[in-house]
Amino acid sequence: MLKRIIKKSVIAILTIYAIITISFLMVRFMPGDPLMHLVGQDRYYELLQDSPAELERIAQRYGLNDTLWDQYIHYMQSTVTLDFGIAYSNNQPVLDNVLYRAGWTLLLSVPTFIIGGLLGAVLGTIAGWKLGGTFDKVLTPVLLFLNTVPANCIGILFLVVFAFKLGWFPVNGMTSGGLSGLSKTADILWHGALPLTLLILFRTAGNFLLMKSNVSQIRDEEFITTAYSKGLSDNKVLFRHVVKNATLPFVTSLCMQLGGLLSGSMLIEVIFGWKGMGELFYSAVNTRDFPTAQLCFIISAVCIVAGNLLSDILIAAIDPRIKEGKFEY
Amino acid sequence: MSTEKMAKRAGTKKTKMNAAMIWGAAIVGVFVLVAVLAPVLAPYDPYKMGIPYIKPSAEHLLGTNDVGQDLLSELIYGTRISLFIGIFTSIIVTVVSLTLSLLSGYYKGAIDKAVTAITNITMGLPDLALTILLIAYLNPGKLSVIISISLTAWTGTARILRSRVLQLCEMPFIKIEQAIGMNDFIIMIKHIVPNLKDIILSRAALSVSAAMMTEAGLSFLGLGDFGAKSWGTILHYAFYQNGVIRNYYWWYLPPILCTSLAVLGFMLLGYYGAQKAKLVKNA
Amino acid sequence: MLEINHVSVEFASENRVLAVDDISIRLPDGSRTAIVGETGSGKSVLLLSIVRLLPRNAIVRGKIELDGENLLSADKKRLQQVRGGVVSYVPQGGGASMNPLLKVGYQVGEPLIEHKNYSRSQAVEASISLMKRFNLLNEEKLARSYPHTFSGGMRQRAMVAMGIAAGPRIILADEPTKGLDDKRVRLVADSINMLKEETLLCVTHDMSFAQAVSRDICVMYAAQQVEFGKSEEILNDALHPYTRDIINAMPENGMRYDDVGFAPAHGSYLNHSDGCRYRDRCRERSEKCVIMPPVFDVNGRKVRCWKYDSAN
C-alpha cells in the first residue's frame, strides 16, 4: 500500500510539474508578444506608450532575451519561491489577491461540498435501492435536468425570480457594508443564499445520479443474493452489504470535488457578483491580466491534483483488494 | 445457467429506442432542422439594427434587443453556431479518444502505458479553467473555442473505450483474426469498431451536450466568438446590457430555454443510449 | 419434508420466457436429490424459487410446501426466518458470491447473527469451527481474510459452511462445482457428503458429481423434468434418450457422444404445441414426438418420453 501511495504521489508531482510547464509554454508560444502575457494587456500598452525603457527593463527581468531554457529555469525558480509578480489593478502581489479571493470562494464551496455530498448520497441511495419506485421516478428526471442544464441559465432565472421579482435576496455582491459582528455574518449569509442554494442543488444532482447508479449496480450483484439467502431483511442487506460498497466509488468522486472547491463555482460567482476566485479569474481573463489568470489556473490545477491523490490514498485504505496490492483500478 | 444470466436473457431487448431516446432524438431533430433552414425561417437579418427593446409583437415575434436586432432571427441563427460548436467538438473528441483507445487497447504494452499516463494527467487538469485560459491567449473565434474545449474533453470517452477494446481483444473472434495474420488496421476497423458502435454513439451524444454546455458558459462570459451570435452570446448581452435587470424576458428567456432544451436533448440520447449499451444501470 | 408441486416460473419481460415448466419433486426429510441439466435448463431458477430469491420480474406458479406450509404465500418476515434458518440456499461460489469488502469470517458467521442472536465476534469465532469442519486449513487466518484471497474451491466450501451455519434442515446447493477442476470437485463432494442429517437438493450439470452426492436424480431439459429416479438406476439404466446422451458424454465413459446436431435448447417454452423439446437432438425420435409427451411411470421411475407409453 505504501508503494502505491508513493507511486501515486510521484505521478501527482509530475502532473503539477506538467501544469506549471504548460503555463510557461503558453505564455511563450501563444500569439502576441510574450511580454504582454507577462504583464497583462493594459499595462503593456500603457508602458509601451509611456516608457518603453521600463518595458525593456521588465523584459530583462523576465529574461525574455535569454534562451528559452534559461527563461524556463528562471520561471521555475520564481514559481517555487511563490513569486508571481505584482497585479496591475491594485499593485499588490498577485498571490495575496488570489488568496484573499479564495477565502470568499471557500465560503460558498465548503458548505456546498458538505451539504451537497450528504444530500446526494442519501437521496441517491434511496432511489437506487428502490429503483423504479415512486421516489426514483419523481426525483431522477428533476435532478437529471438540473445536472444537465447550464449553471448560468438556471442562475439567471433564480436571479430574476428571487432577487428582482420577489425581492427576497440582494441582486449582487457579498455584503451591504457598514455592519459588524453577528449582523455582518447574517448579512453575508443573506447575500450568499441564492448562489449557495444553486450550487448545492447542482452538486446534489450530480452526487445523486452517481450514488444511485452505484447502489442500483450493487443491488444486482451475486453477493446480494447470498446476503438475502442468509435471511437478512431488506434494511440489513442495504446497510451491511450495499452502503459500504457503494460508498467506495463515491469517495473517489468526493475527493475530486474537494479538488474543485476553488474552481467549480465560477459561473455562479460571476452572475451573483460574488467576488471569489472564480470571479477574479474571469475578470483577469477578460482584462487580459495574464499573471493573475495564470496563478488562478495553477492554484486550481494543484488543488485538483491534490484531490485526485487523496482519493487514491483513501481508496487504497478502504478497499482490501487494493490494500493488499492484488488489484488495480 | 446462473439466474442472473437467465434474467438477462429473459430481458434481452432488441435494438430499440426507449421513450427517453425518442424524445431526445425529436428535440435534436428539430434543432438540426432549424439550423439547416435558418435563412428560410429567420424573418430578418440577425445583424440588422432597428428600434431597441421592442416587446414581442406581430412584427417581431420575440421582440428586439438593445440595438434593435430581431431576437427570433438571432435565436434561429444562433442555433447554427451552438450546434456547430457542439457537434464539431464532439467529432474531434470522439475521433481522438477512439484512436487513442484503439492504439492503447489493441497494442497494449508501452503504448498503453503512455496513453494511460497522458489520460490520467489530462484528467487531473482543471478543464474549465484551462479552457478559459487558452481562449484568453488564443485569438477569439470558433476554432479556438472548439480546440480549447476538445483539449480536455476526450478523457472520459477514451477511458471507457479503452477498457472495452481490452475486453474485445480477449475475445476468440479477434484472436482468430490475429492468428490468421489479418492486418491490424483491418481488424480494428472491421471487427473492433463495429462492436464499439453503441458506446461511441452514446458518448458522442453526451460529448455534444457537454460541449454545448461549456460553449454556453464561455460565450455567456463573453469569451466565445464575438462575431458569431450563439445562444450564449445573446444571453451575454441580455445580462451585461441590463436586459435581465430590466426584466426584458423576451431577451433572456429564449436563449436559456433553447440551450437547456438542446443540451437536454443530446443528454437524453446519450444517457439513455448508454443504458442500452450497458454503461450505466437504469435511470 | 419439502414438496415442490407443479411449479412453473415465468420471467415477465418484453419477451416472456418460461424458465421452469410444471415441475414436481418430493423431498422427504433426509433425502438427497440432485437436479442435473445443462446450462439454461432452468434448474437454478427452480432452486431460487424455493427460497423466493428470484428477480422481481419472475412469476412463480404452483405450490412449494415446507411441512405443509406454502412458501409461495409466506410473508417477508416468515421468509427471513426460513432462509438460512430452515432452508439454506448455497449460491455458486464464483468470484462475485461474497462481498469483496467484508471479511470471510464475518460473512460465513452472519447467519448466526441473524438466527441465533450471536454477536459479531461470536459469529466470527463460530465461523472458524464451521470452516474447520470442511478442512479449509488455516481457518483462523482465513476468517480474517477477504474473499479475493480465496481460490474457487475454498470459496465454494466456505459457502457450504455459510449455508449450514445456522443449522438449517434443508440445503439447496446451486452448481457447487462450477469452474472447479477434478480434485476440487472431489473436495466439494466430500464436504457435501459430510452433511448427513440435512435434506439435500443439489443442482449440477455434472453427472458424476451428482452420482457422488445424491441418492435420487432428477434430469431437467428445457425447463421440464424429463426423468426422475434412484441415482444408481439412472446411472446404470437411463430411460430417457437425453439422460443416456449425457451419461455417455461423461469422461469415464469416454465421452462417447457424437452430437446429433447440437441445437442449443433456447426458446420461450411457452406452449407445448411444438412437441417434445429434445426431438431435434434425439436419436430415437419417432413421428409421435411432434406431440409433447406426458410423464410416464415406469416401475416407480418417471420419464417424459413416448417410448414408455404403456398403450403401445
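## A nonpolar patch on the surface

In this predicted model, Leu106(A), Val110(A), Ile114(A), Ile115(A), Leu118(A) and Leu119(A) form a nonpolar patch on the surface, and together they have about 490 Å² of accessible area. Such a patch joins nonpolar side chains (Val, Leu, Ile, Met, Phe, Trp, Tyr) within 5 Å, from residues with over 30% relative accessible area and no salt bridge, a salt bridge being a side-chain nitrogen of Lys or Arg within 4 Å of a carboxyl oxygen of Asp or Glu. Areas come from the Shrake-Rupley method with a 1.4 Å probe.

Ile115(A), one of the patch residues, lies in helix α6 (residues 94-129) of chain A, where helices are DSSP runs (H or I) of at least four residues. Ile115(A) counts as partly exposed because its relative accessibility is 39%, between the limits for buried (under 20%) and exposed (over 50%).

## Cysteines

Over all chains there are zero disulfides, meaning pairs of cysteine sulfur atoms within 2.5 Å. For Cys305(C), the nearest cysteine sulfur, that of Cys282(C), is 6.2 Å away.

## Conventions

Residues are numbered from 1 along each chain as its sequence is written, and chains are lettered from A and ligands numbered from 1 in the order in which they are written. Local features need pLDDT of at least 70 and side-chain atom pairs count only at pLDDT 80 or more, while totals for chains, interfaces and linings use all residues, and side-chain values use heavy atoms, with hydrogens and water left out.

Conventions:
Patches are made of residues with over 30% relative accessible area and no salt bridge: like charges are joined within 9 Å, nonpolar side chains (Val, Leu, Ile, Met, Phe, Trp, Tyr) within 5 Å. Helices (H or I, at least four residues) and strands (E, at least two) are DSSP runs, numbered from the N terminus. Buried means under 20% relative accessible area, exposed over 50%, partly exposed in between (1.4 Å probe, protein chains only).
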